[in-house]
Amino acid sequence: MQKLTELPLLRIGLVGSGFIAAFHLQSMLGVRNVSVGGVYSRSAERRTRIADKARSLGLGPARVFDSIEAMSMSGEVDALWLLTPNDSRLDVMREIHRVTKAGAPLRAIACEKPLARTLAEAREMRRLVGDAGLLHGYLENQLFSTAVMRGKDIIWRRAVPGSGRPYLARAAEEHSGPHEPWFWQGDKQGGGVLSDMMCHSVEVARFMLTAPGAKRDSLRLLSASATTANLKWTRPHYAADLKTRMGVDFTKRPVEDFAHGMLTMEDIDGHQLMIEATTSWAYVGAGLRIQLELLGPEYSMEFSSLSTGLKVFLSRAINGSEGEDLVEKQNSEQGLMPVVEDEAGIYGYTDENRHMVEAFRRGMSPTETFDDGVGVMEMLMGLYRSAELGRTIYFPDPELEHYVPRVAR
């Protein structure tokens, strides 16, 4: 890759216009040296709406384009944020590869989690971005969560030198179900809740266990063991509700709504490390709940996204329409409610985008790349295969290279 000059401003183009695109725009308010130069998605109505939102936030001209090629060749964007549904990611990356090879003046691409639906797809994503000569970043927001960054810094700076490295990381993410129909369809999403949310959990846990400044693959993956289940959404009442709201018949082709996984790893000194991850679409509480723990010989760290400093109480006399103005995936509008004051910051989107923008603007590789996205997919496929076979999977496992989870087949 040729050496890139530093840009005073990184002009980004959004590829995708769904829920996550709106979240990224909100986070960009806290990012300097960035402008939204363009927006493309398959839906003309949705790409226009997201572009209008970007302009209303003062984030840039956000010109609407009718193709990836037109936006990439326009000279109005320097980097792309790939935010489309999982089943379209590889095709979009192939198109970006084609237009870059044809002379599109792009320098970088950032891709939302997960990188792909299978390990084979993830490896192809990595090959294409490398062959195109683009800088690449893997958008895993929980690594950049304010609590995770601050907590990891304290643990590794104050606790580790006196007693030794951490050896167990626990990560859980739960809510009552996704926003869009494609998340509930195994062939489109790549799986169920394990694919959708455990990609967060295993990578933030691996990050917390990794020494500062070291690459994630400095920890060698040894084994995976997992259990998946259908706890809620296959019950007749809830399957009928899902069909009414989403148009998805869960009685014919369900995916898991609960997953529990254990990963064993080894550091360069031979110390055994453990990741314990739990994810669910069957949790009914105030809203999205993220819980993280890091344990070591003489210390521990913990975080819960719903243990907020700000809470409100609304009595039964107050009636309001449904919304998500207090917390993502909000399940109630009455009672004692936690309020997540800055979701984009607390969940990590603001610092994630700040890091990616500064790296790309300066012509540098970010700390989280497509390489890490491939590593995440290897962990997820190991967990899915373990759950399907009912036994522990040991790495490296050549069967994972072309493995497709049962719920996606």
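User: Happy to start with the open sheet of seven strands: what is its strand order?
Analyst: Good place to begin, and do keep in mind that this is a predicted model. The seven strands form an open sheet with mixed pairing. Reading across, their order is E12-E11-E7-E10-E9-E8-E15.

User: Which strands stand at the edges of that sheet?
Analyst: Look for strands with a single partner strand, because one side of each is then left without a neighbour in the sheet. That applies to strand E12 (299-304) and strand E15 (393-394).

User: In which sense do strand E7 and strand E11 pair, and over how many bridges?
Analyst: Strand E7 covers residues 168-174 and strand E11 covers residues 289-296. One of the residue pairs sets glutamate 174 against its bridge partner in E11, arginine 289. The two strands run in the antiparallel sense, and the number of bridges is seven.

User: At about what angle does helix H8 run to E10?
Analyst: Helix H8 (residues 193-209) lies across E7, strand E8 (220-229), strand E9 (258-266), strand E10 (272-280), E11 and E12. Helix H12 (residues 370-389) also packs on this sheet, touching E8, E9 and E15, and its direction makes about 50° with that of E8. For H8 against E10, the angle is about 150°.

User: Now for the sheet of six strands: which of them stand at the edges?
Analyst: This open sheet has parallel pairing and the order E3-E2-E1-E4-E5-E6. Two strands have a single partner strand each, so one side of each is left without a neighbour in the sheet. They are strand E3 (63-64) and strand E6 (135-139).

User: Which residue in E3 stands opposite valine 39?
Analyst: Strand E2 (residues 34-40) pairs with E3 in the parallel sense over two bridges. Opposite valine 39, E3 places valine 64.

User: Which helix lies across strand E1, E2, E4, E5 and E6?
Analyst: The strands in question are E1 (10-15), E2, E4 (79-82), E5 (108-112) and E6. The helix runs at about 175° to E6 and spans residues 349-361, which identifies helix H11.

User: Is H4 roughly parallel or roughly antiparallel to H5?
Analyst: Helix H4 (residues 89-101) and helix H5 (residues 119-131) pack with their axes 9 Å apart, at an angle of about 15°. Angles under 35 degrees count as roughly parallel. Therefore H4 is roughly parallel to H5.

User: How many residues of the contact of H4 with H5 are charged?
Analyst: H4 contributes Arg89, Leu90, Met93, Arg94, His97 and Lys101, while H5 brings Glu121, Glu124, Met125, Leu128, Val129 and Asp131. Five of these residues are nonpolar and one is polar. The charged ones number six.

Note on methods:
Residues are numbered from 1 along each chain as its sequence is written. This is a predicted model: local features need pLDDT of at least 70, side-chain atom pairs count only at pLDDT 80 or more; totals for chains, interfaces and linings use all residues. Side-chain values use heavy atoms; hydrogens and water are left out. Two strands pair if DSSP finds at least two bridges between them. Helices (H or I, at least four residues) and strands (E, at least two) are DSSP runs, numbered from the N terminus. Contact means heavy atoms within 4.5 Å. Axes are lines fitted to C-alpha atoms, for helices over the stretch in contact, and angles run from 0 to 180 degrees between N-to-C directions. Angles under 35 degrees count as roughly parallel, over 145 as roughly antiparallel, 65 to 115 as roughly perpendicular and the rest as oblique. Ala, Val, Leu, Ile, Met, Phe, Trp, Tyr, Cys and Pro count as nonpolar, Asp, Glu, Lys and Arg as charged, and the others, Gly among them, as polar.
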